[in-house]
Amino acid sequence: QVQVVESGGGLVQTGGSLRLSCAASGRSFSKYDMGWFRQAPGKDRDFVSGITWNGMMTFYADTVKGRFTISRDNAKNTVYLQMNSLIPEDTAVYYCAIRGVPYYTDSYYSAGDQYAYWGQGTQVTVSS
């Protein structure tokens, strides 16, 4: 059974930083691209960042580029999202997801339906 568990969310002031972690089990983590998405109240779920199975390529939404950094440690089955210079617009529930096909990367990395397994999410709140 695949489990995806996010952690590291919390309340932070504008300009602050948080580091989210996503621990995956029950699947060969190192074979799959991973993604971070977020959903603010009343809004659709949006792509935030992605990383290929081998960590060689990373992808970011324009809204977070230059502020967020995604990384992974395949030995620990964990992917991270370092979030700096946070702004109130970053307030959302952040979800981690595992892509459905192993060793596969294409241009649809930002599409939620490309991901097979999702965590429960972790709340990030940025106060002004």
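**Terms and their grounds**

Mentor: Both Cys22 and Cys96 are buried. The model is predicted, so local features need pLDDT of at least 70 and side-chain atom pairs count only at pLDDT 80 or more, while totals for chains, interfaces and linings use all residues. Residues are numbered from 1 along each chain as its sequence is written, and side-chain values use heavy atoms, with hydrogens and water left out.

Trainee: Why is Leu20 called buried?

Mentor: Buried means under 20% relative accessible area, exposed over 50%, and partly exposed in between, with a 1.4 Å probe and protein chains only. Leu20 has a relative accessible area of 0%, and is therefore buried. Leaving aside neighbours within four places in sequence, Leu20 is in contact (heavy atoms within 4.5 Å) with residues including Trp36, Tyr94 and Val124.

Trainee: What makes Cys22 and Cys96 a disulfide?

Mentor: A disulfide is a covalent bond between the sulfur atoms of two cysteines. The rule applied here asks for a pair of cysteine sulfur atoms within 2.5 Å. The sulfur atoms of Cys22 and Cys96 are 2.1 Å apart, and the pair forms a disulfide. By this rule the count comes to one disulfide.

Trainee: Why is the pair said to tie together parts that are 74 residues apart in sequence?

Mentor: Cys22 lies in strand 3 (residues 18-25) and Cys96 in strand 9 (residues 92-99), so the pair links parts 74 residues apart in sequence. A strand here is a DSSP run of E with at least two residues, numbered from the N terminus.

Trainee: How do you know that strand 11 pairs with strand 2 and with strand 9?

Mentor: Two strands pair if DSSP finds at least two bridges between them. Strand 2 (residues 10-13) and strand 11 have four bridges, in the parallel sense, and Val12 stands opposite Val126. Strand 9 and strand 11 have three bridges, in the antiparallel sense, and Ala92 stands opposite Val124.

Trainee: What are the covered and uncovered faces of strand 11?

Mentor: In strand 11 (residues 122-127), Thr122, Val124 and Val126 make up the covered face, whereas Gln123, Thr125 and Ser127 make up the uncovered one.
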